[in-house]
Amino acid sequence: MASASASLSLAFSPLLLPTPRPRPYSRPINPGFPTPLRLSLACSPPSRRAGPVAAVPDGVAVADVVEKDWSFLDAAAAAAAAGGSLPRALAAGALSPASRVLAVTPAPSFVDALLSGHPCELLVAAHESLYVLAGIKEGHDEVRCFHLEGGGGGRGGGVVEGVPERFDAFDAVFVCYFPGMGVSAAALLKSLAKRCSKGGRVVIFLDQGRQSLEQHRREHPEVVTADLPTRPSLEKATAGSKFEILEFVDEPTLYLAVLQFQ
């Protein structure tokens, strides 16, 4: 009987052992990293000092980002503020505390000078350089900053297409560096006519005039893509428009053109 019991126990012993459970298939964990941003920098002619590349913000859907070096204009604007030419340009805008102002391609030091001496109701800055806009926003959070895709030309050929249409009726528009916008004077005025208030002024100026422009053209050809408008070209651009020329100065050390929207 004992031997029968032992053989029975040996026969059923595999049934008493725990059944091995199949190991679940472990899938590799998806880290969920976003698709890497493809950012290619177009090669530009070398300049004296390479400009830093700004991050691409949301909403700027571009495959290739070109960040030019605009830093040389900030030093020039600071020198002009100390030398006296910048206050003359600001005075030409006839600003008041209730003014709505648009600054196209401004340097951060220009924004500093404008806000410190001429407080206004609204200041909008439009520039093709994301790095310059970041510097302006860091120093003055109240300034509304907008990116001009492709410089002043814009995707649809308008100069200020990057500025939302709710920002209009500007009392003063400062075109701080016309040679870097890549547009004609006629295209500039046609675009701004949709945004200016009645009696609004457009001030096109360049610190140190054509003397500095020729130096910029040699040292920063990737930025300087056009010439300053002459008086005949401005008269031709204003023909048939609602702009009239109030003041025009074209000297080796000062360029200033003031137009008024009728």
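**Exercise 1. How many aromatic pairs does a search of the whole structure find, and how is the pair Trp70 and Tyr177 classed?**

Step 1. The search of the whole structure gives seven aromatic pairs; rings of Phe, Tyr and Trp (its six-membered ring) pair if their centres lie within 6.5 Å. The model is predicted: local features need pLDDT of at least 70 and side-chain atom pairs count only at pLDDT 80 or more, while totals for chains, interfaces and linings use all residues. Residues are numbered from 1 along each chain as its sequence is written, and side-chain values use heavy atoms, with hydrogens and water left out.

Step 2. A pair of aromatic rings is described by the distance of the centres and the angle of the planes. For Trp70 and Tyr177 the centres are 6.2 Å apart and the planes stand at 80 degrees, so the pair is edge-to-face. Planes under 30 degrees apart count as stacked, over 60 as edge-to-face and the rest as tilted.

Step 3. Trp70 sits in the loop between α1 (2–16) and α2 (71–83), and Tyr177 in the loop between β4 (170–175) and α6 (185–192), so the pair ties together parts that are 107 residues apart in sequence. Helices (H or I, at least four residues) and strands (E, at least two) are DSSP runs, numbered from the N terminus.

Step 4. Ring pairs link Trp70, Phe72 and Tyr177 into a cluster.

**Exercise 2. Are Trp70 and Tyr177 buried or exposed?**

Step 1. Buried means under 20% relative accessible area, exposed over 50%, partly exposed in between (1.4 Å probe, protein chains only).

Step 2. Trp70 has 5% relative accessibility and therefore counts as buried. Tyr177, at 1%, also counts as buried.

**Exercise 3. Class the pair Phe248 and Tyr255.**

Step 1. The ring centres of Phe248 and Tyr255 are 5.7 Å apart, with the planes at 85 degrees, so this pair is edge-to-face.

Step 2. Both Phe248 and Tyr255 are buried.

**Exercise 4. At what angle do α6 and α8 pack, and which residues meet?**

Step 1. Two packed helices are described by the angle between their axes and the distance between the axes. α6 and α8 (residues 231–238) pack at about 40 degrees, with axes 9 Å apart. Axes are lines fitted to C-alpha atoms, for helices over the stretch in contact, and angles run from 0 to 180 degrees between N-to-C directions.

Step 2. That angle makes α6 oblique to α8: under 35 degrees counts as roughly parallel, over 145 as roughly antiparallel, 65 to 115 as roughly perpendicular and the rest as oblique.

Step 3. Ala185, Ala186 and Leu189 of α6 meet Leu234, Ala237 and Thr238 of α8 (contact means heavy atoms within 4.5 Å).
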